[in-house]
Structure formats: C-alpha cells, structure tokens
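This report covers strand pairing and aromatic contacts in the structure shown below.

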Amino acid sequence: MTGLSGIATIPFVKASACGNDFLLIEGALAPPDRGGFTRRICDRHEGVGADGVEWMFPDASADVEIRLLNADGSEAEISGNGTRSVAAYICQEQGKEKITIRTGAGVKTCTLTARRDQEYEFEMEMGKAGVEKEITIKLGAREVRGRPVSLGNPHFVIFVTEFGENWQAQAAEIQRSAEFKQGVNVEVVVAEGVHDLQARFFERGVGETRSSGTGSCAAAMAAIASGKAESPVRVEAPGGAQVVRSEGQRVFLRGAARMVCRGEFFL
C-alpha cells in the first residue's frame with residue numbers, strides 16, 4: 001500500500017489481552033525480511049510498540065492461520081493472548097462468535113462469552129498440558145527448582161512465597177540455561193489460595209510481559225499438579241486476571257481482549 005506522499009505502508013490493527021499487546025497484520029503484506037520488520041514495528045520508541053506480531057493467513061479448514069513473531073523477530077509456536085486478540089479482531093470484522101485459529105501448536109477454538117464495546121471475552125480450548133516432575137536448575141552457585149510444562153510451547157514454573165526484587169534477572173538466567181534447548185517461558189508464581197494465583201511472566205523473545213495466556217495455563221496446571229490449587233484457577237498478573245479450568249487433561253483459558261487502534265506503518 002501507499003500512504004502520505006506515495007510512501008509505502010503496511011496496515012496494522014493493534015489489540016491487547018490483559019496488557020499483552022499484539023499487532024495483527026495480513027501475512028500477504030509481509031516484507032521479505034519478516035523478522036527484521038517485526039523488530040522495527042514492535043519497537044516501543046521507534047515503532048508502534050508491541051510484544052509481537054500475529055501474521056494472519058487464509059486457511060482451508062480454519063477461520064485463519066496465524067504465525068507469531070516475538071518482538072525480537074524470533075518465531076514462537078503460540079501465544080494464548082495473541083490468539084485471543086486475533087479472535088477479537090475476527091469477531092469484530094465478521095461477527096463470528098466461535099472462531100477456529102490454526103497456530104503453531106495446532107487449531108484452537110475461541111468461543112465468545114461476553115462483549116462490551118471494543119472488549120471481547122473468549123474461552124479457548126488450549127489442548128493438553130504436559131506437566132513434568134519438578135527439576136532443579138543450576139544457576140552458577142545457586143539452584144532453582146521448578147516444573148517444566150508444555151502447552152505446545154515450553155514453560156518453567158517456579159513457586160515462591162513472594163516476588164523478589166531480582167526475579168527478572170533470575171528468569172533471564174534460567175532462559176539461558178542449557179536445560180532448555182528451545183528456550184523457555186518462565187513463570188514465577190505465588191499460590192494465594194486453592195483457586196487463586198499471582199504470577200509474573202518472562203517470555204522468550206520479549207522479556208517481562210504484563211500477562212501471558214499460555215503462561216497462565218502453565219502456572220495453573222503446575223499448581224494443580226503440585227497440590228497447591230484446584231480447578232478453576234484465577235491467575236492474576238499486572239495486566240489483569242485470566243481463568244484456567246481443566247476437564248480431565250483438557251485445558252481451557254478464559255480472558256478478555258481489547259481492540260486498541262488501527263493504522264499504517266511506513267516502510
């Protein structure tokens with residue numbers, strides 16, 4: 001596309017799910033260096049600013065296929081909040097209330113549960129969570145215990161009694177551990193009650209985020225497996241709360257997504 005004075009532009013829509021913000025862009029418009037462009041447009045000073053870009057493509061058997069690139073240009077399998085943001089966009093544009101989205105972790109179905117103005121609430125079936133036994137990670141002279149969890153992307157859940165001042169630095173150190181060859185999303189969690197968790201998130205390719213959909217699921221399922229919580233679990237983060245429930249091995253995530261703005265980015 002061309003914008004002011006014939007300058008080439010790429011249109012985008014911005015959405016936020018519990019403070020986890022994403023840019024939604026048609027995949028056909030992607031420049032050859034999609035990773036480099038993603039880094040530029042996600043920059044919070046020189047670009048639009050976001051935790052990542054959900055590139056959207058047509059799909060023969062789902063409403064849309066999405067490919068998530070993190071703010072640093074790296075590719076990720078799935079973001080629960082990013083997927084929900086895309087569902088909100090499709091609901092707004094097409095009026096659909098049950099939306100199927102093909103992600104790098106399989107097809108996810110988002111069902112609209114509430115709507116108010118530009119805010120949409122969906123419950124999404126996340127599939128099965130693979131919760132492993134607690135392991136110990138060596139960080140120099142220190143050790144950290146936590147549970148690896150997979151929701152189509154890798155997580156490491158650490159339970160603490162309170163959030164330390166240096167939790168971000170520790171999370172970054174864990175991400176560099178040789179234990180996680182594909183990298184890892186780190187959740188630091190305080191169990192406040194049988195149905196309530198407080199969580200902080202440090203994600204691959206982004207760093208600290210105000211929320212995380214798959215991270216909330218990982219925190220909840222690790223807490224259930226550890227006997228610290230029971231379904232349903234409310235996971236509170238700086239960006240807001242999400243609710244995780246389980247039916248057998250199936251995991252469901254409920255939370256809001258809000259349409260923020262649309263615009264054009266100069267190439």
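## Strand pairing and aromatic contacts

R234 has V243 in strand 17 as its bridge partner. Strands are DSSP runs (E, at least two residues) and helices are runs of H or I of at least four, both numbered from the N terminus. The model is predicted, so local features need pLDDT of at least 70 and side-chain atom pairs pLDDT 80 or more, whereas totals for chains, interfaces and linings use all residues. Residues are numbered from 1 along each chain as its sequence is written, and side-chain values use heavy atoms, without hydrogens and water.

Strand 16 (residues 233-237) pairs with strand 17 (residues 240-247) in the antiparallel sense over 5 bridges; pairing requires at least two DSSP bridges between the strands. A hairpin of 2 residues connects them. Strand 17 also pairs antiparallel with strand 18 (residues 250-266), over 5 bridges, among them the one between R245 and F252.

W167 lies in helix 3 (residues 167-175) and F202 in strand 14 (residues 196-203), 35 residues apart. Both residues are buried (under 20% relative accessible area with a 1.4 Å probe, protein chains only). F37, W55 and F265 form one aromatic cluster.

Two arginines have the charged end over a ring (CZ of Arg, or NZ of Lys, within 6 Å of the ring centre and within 35 degrees of the ring normal):

| Charged residue | Ring | Distance to ring centre |
|---|---|---|
| R67 | F57 | 4.3 Å |
| R200 | F163 | 4.2 Å |

How values were computed: Buried < 20%, exposed > 50% of the residue type's maximum accessible area, 1.4 Å probe, protein only. Phe/Tyr/Trp six-rings, centres within 6.5 Å; stacked < 30°, edge-to-face > 60°.
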